[in-house]
Amino acid sequence: MTVFRSFCFATLLMASTFTMANRCHAQEKDKTPSSDENKRYTFRKEHDPNGIGKFYLGREIAHVMGHLGIGWLERPERENEERLSVLVKGLKIKPGMTIADIGAGSGVISVLLSKAVGEKGEILAVDIQPEMLDALQSKCKLLGIKNVKGVLGTTKSPGLEEGTVDLIVMVDVYHEFDFPYSMLNELAKSLKKGGRIAFVEYRLEDPKVPIKLVHKMSEAQVKKEALVEGHHLKYKETFRELPRQHVVIFEKE
Ligand SMILES: C[S@@+](CC[C@H](N)C(=O)[O-])C[C@H]1O[C@@H](n2cnc3c(N)ncnc32)[C@H](O)[C@@H]1O
């Protein structure tokens, strides 16, 4: 616990600035989308300053949270505000599972998931920012966690093997995907048949949730995007026990 606190303290110091515009090399490679995928998006000059001016199925995509925001992800009050321990219980995790933590950031969620799957399970912690994966790996080393593997993805693909994952968890990340169609299509492919994917998003329906608009998503919008033809996902359930987020879960057909 002491080690973990020191890590938090160090990252908090490092992260005194919070930037939404910090992009990494993995993203740069994907700046020119294929024309087919591009047809799925619209672009507007006038838009929310926290968004990138690119719209998918009526929703504006948010800026990616840069690695200098690690201090915010690691804030000590986060458990009280978001009850991540309740989230992990609600995900019905079994020991031995392979879970992909997409947009893992500095690894707050991966660490919680690693305990739930036990020694025989594995967490594939995917992010597009190498700095996030460096922070995650240092934390796992300090805590002696051996079942979390960092994976550097791109803005269009998490780079996971097809049909290998039991559960995909996306905490506060899907709304930041630059290419939500191809990301979700690739994610769905990585699931085993009957595998689940959980969208953990701040509730747009609740004006009391203190998060910028483009960083929130309504349950209806999540369903609209997940149920697009070709992803082969079907709606399973919504977990509503968290103070600020809803957890909308789909299953691979
Ligand atoms: C707001 S942070 C959330 C981090 C973590 N899930 C948590 O709750 O502590 C969003 C993370 O998603 C990552 N991200 C954004 N787009 C991504 C993509 N296409 N694939 C993987 N990670 C992505 C960002 O780099 C960032 O680390």
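**Reading helix 8 and its surroundings**

Author: Helix 8, residues 130–143, is 14 residues long and reaches 20 Å from its first C-alpha to its last, close to the 20 Å expected at 1.5 Å a residue. The expected span is 1.5 Å times one less than the number of residues. Helices (H or I, at least four residues) and strands (E, at least two) are DSSP runs, numbered from the N terminus. The model is predicted, with local features requiring pLDDT of at least 70 and side-chain atom pairs pLDDT 80 or more, whereas totals for chains, interfaces and linings use all residues. Residues are numbered from 1 along each chain as its sequence is written.

Reader: Which residues of helix 8 are buried?

Author: A residue is buried if 20 or more other C-beta atoms, placed from the backbone, lie within 10 Å of its own, exposed if 12 or fewer, and partly exposed in between. In helix 8 the buried residues are M132, L133, A135, L136, K139 and C140. They are on the same side of helix 8, because they cover an arc of only 160° around the axis; the arc is that of the directions from the helix axis to the C-beta atoms. In general, an α-helix has 3.6 residues a turn, so residues three or four places apart point the same way. The face of helix 8 turned away from the buried side carries the exposed residues K141 and L142.

Reader: Why does L136 count as buried?

Author: L136, a residue of helix 8, is buried because 25 other C-beta atoms lie within 10 Å. L136 and G105 are 31 residues apart in sequence, yet their C-alpha atoms are 7.1 Å apart in space.

Reader: Where in the model does a residue other than glycine have a positive phi?

Author: Most residues other than glycine have a negative phi. D172 is not a glycine, but its phi is positive, about 60°. D172 lies in the loop between strand 7 (165–171) and helix 9 (180–190), and it counts as buried because it has 23 C-beta neighbours inside 10 Å. H232, also not a glycine, has a positive phi of about 60°. H232 is in the loop between helix 10 (219–226) and strand 10 (233–239) and is partly exposed, with 14 other C-beta atoms within 10 Å.

Reader: How many residues of helix 9 are buried?

Author: Eight of the eleven residues of helix 9 are buried, so that the helix is mostly covered. They are P180, Y181, S182, M183, L184, L187, A188 and S190.

Reader: In what order do the strands of the open sheet lie?

Author: Two strands pair if DSSP finds at least two bridges between them. Three strands form an open sheet in the order 1-2-3, with antiparallel pairing. Strand 1 (41–43) and strand 3 (59–62) are the edge strands, each pairing on one side only. Strand 1 is joined to strand 2 (residues 51–56) by three bridges, and F43 has K54 in strand 2 as its bridge partner.

Reader: In which sense do strand 4 and strand 5 pair?

Author: Strand 4 and strand 5 pair in the parallel sense, over five bridges, and I102 stands opposite V126 in strand 5. Strand 4 (residues 98–102) is largely enclosed by the rest of the structure, because four of its five residues are buried. An antiparallel case is strand 10 with strand 11 (residues 245–252), joined by six bridges. A hairpin of five residues links strand 10 to strand 11, and T238 stands opposite V248 in strand 11.

Reader: Which residues come nearest to the ligand?

Author: A residue is near a molecule or strand if its C-beta atom, placed from the backbone, lies within 6 Å of it. Of the 22 residues around the ligand, M65, G103, G105, V171 and V173 come nearest. Helix 7 (108–117) and strand 5 (122–127) each supply at least two residues of this shell. By class, the shell has 14 nonpolar, five polar and three charged residues. Here Ala, Val, Leu, Ile, Met, Phe, Trp, Tyr, Cys and Pro count as nonpolar, Asp, Glu, Lys and Arg as charged, and the others, Gly among them, as polar.

Reader: Where does R83 lie?

Author: R83 lies in the loop between helix 5 (78–82) and helix 6 (84–90). R83 is partly exposed, with 17 other C-beta atoms within 10 Å. R83 and P243 are 160 residues apart along the chain, and their C-alpha atoms are separated by 7.3 Å.
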